[in-house]
Amino acid sequence: MGILNDLYLSRKPLAGFTVIGMAWAAYFAQMPVLKAGLGVSDATYGLIVLVSSLGAVAAMFLAPLTQRLAGSFALVFAALAIAAGFMWVGVAPNAITFMIALAIASAGSGIIDVLANARIAGIEAHHKRPLMNLNHAAYSFCYAGGALLTGLAREASWTPIQVFSVLAIAIVGLGFVMYGPDLYQEDDAETSNTGNLPVGLIWGIGLIVFIAYLAESSTEGWSALHIERTLGGGAGEGALGPAFLGLTMGIGRLGGHVLTRYLSDMVLIALACLLSAIGIAVAAGAGTVGTAYIGFALGGLGMSVVAPTALALIGRVVPRKLRTLAISRVTVIGYCAFFMGPSLMGFVSQGFGLAASFFTVAVLLAVVTAILIPMLSIKLRTPSKDAAP
């Protein structure tokens, strides 16, 4: 009954995470056919994703304004923007309109991401129950389910607009769940002064979150293409790549809470990055589709733990009155990876091949374990002298 009660308490933001998970799974699982329909190179496609995803970053800064203006409709408004954006993606005749449509969907996703996390934090504080890991795990499971269903639809010869139409209907239904005011909004007046923020820790932990999200977005966005183009898999087999990633990330996030009882944050992040690096490297060098699945599964298990653990860490090491601001700064740094990751994959793939792109991500994860973790461990043991001027 405990987990059912937690799901009920967080049902509105949870519906928002469900929308994001299903929507991006439907998009990424169809990426091979969508890219083929545009007839552009890997580098050009990466540039399209980079430019359009700026909408998500801009929306993160506009999310509080959206909350004030839209009130009870804030999450619903953002979800409908996602539905409309992807419907347009499904029929976009050229790269320019595709980019604009994807920017609209990205903006809606950015607003939901900020508002849903803020609402979960408020519910946690009010009810004294941990809900963040549960909600992020639910996102991963919804992503996995969305990728599987999209793969089945592709095997049945559904077109992108047919898939996105069904998605839009589901989003409208979830809108009735998301509707309502934020009952636990906190007063952020105390956090307006950034003078005491530990800048070094913000950027150090933010970079860890950035690389974790970079690995996640890169693998989500290009795993299906790697399986289909590099390994010769079918449409259904390609969709299983992001599905395995989402499923193992959900399992990893549920297990991460248990592991924090036995391992320190830094050790857990280091081991998780190392596991993810090994998994993605296995997927990159795979000679069969089955081996690639194993690699992506290991990668998902590892990377799923990194960002939540890092965010929890920054929340504990800064003063309470700066906690919200510090977490938001780390989140903004990390979120940039969601539009840089696919672009990095595209540019590296254009010059050296798709497998080299995945090896690059694996190396970055290894850098976290070998360099960033030791540096941060030293900094955490040293009194902070890097507050903002």
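**View 1. Arginine 154 and glutamate 228 are both buried.** Buried means a relative accessible area under 20%, exposed means over 50%, and partly exposed lies in between (1.4 Å probe, protein chains only). The model is predicted, so local features need pLDDT of at least 70 and side-chain atom pairs count only at pLDDT 80 or more, while totals for chains, interfaces and linings use all residues. Residues are numbered from 1 along each chain as its sequence is written, and side-chain values use heavy atoms, with hydrogens and water left out. Arginine 154 and glutamate 228 form a salt bridge, and their closest N and O atoms are 3.2 Å apart. The pair ties together parts that are 74 residues apart in sequence, because arginine 154 lies in helix α7 (residues 132-155) and glutamate 228 in helix α9 (residues 199-230). A salt bridge is a side-chain nitrogen of Lys or Arg within 4 Å of a carboxyl oxygen of Asp or Glu. Helices are DSSP runs (H or I, at least four residues), as are strands (E, at least two), numbered from the N terminus.

**View 2. Glutamate 216 forms a salt bridge with arginine 253.** Here the closest N and O atoms are 3.7 Å apart. Glutamate 216 sits in helix α9 and arginine 253 in helix α10 (residues 235-259), so this pair links distant parts of the chain, 37 residues apart. Glutamate 216 and arginine 253 are both buried. The structure holds two salt bridges.

**View 3. Six side chains are shown: Phe141, Leu247, Ile251, Leu254, Leu275 and Leu301 make a nonpolar surface patch of about 460 Å².** Patches are made of residues with over 30% relative accessible area and no salt bridge; like charges are joined within 9 Å, and nonpolar side chains (Val, Leu, Ile, Met, Phe, Trp, Tyr) within 5 Å. Accessible areas come from the Shrake-Rupley method with a 1.4 Å probe, and for residues only the protein chains shown count as cover. Helix α10 gives the largest share of the patch, three residues. Leucine 275 belongs to helix α11 (residues 265-284). Leucine 275 counts as partly exposed because its relative accessibility is 32%.

**View 4. Alanine 284 lies in helix α11.** Alanine 284 has a relative accessible area of 6% and is therefore buried.
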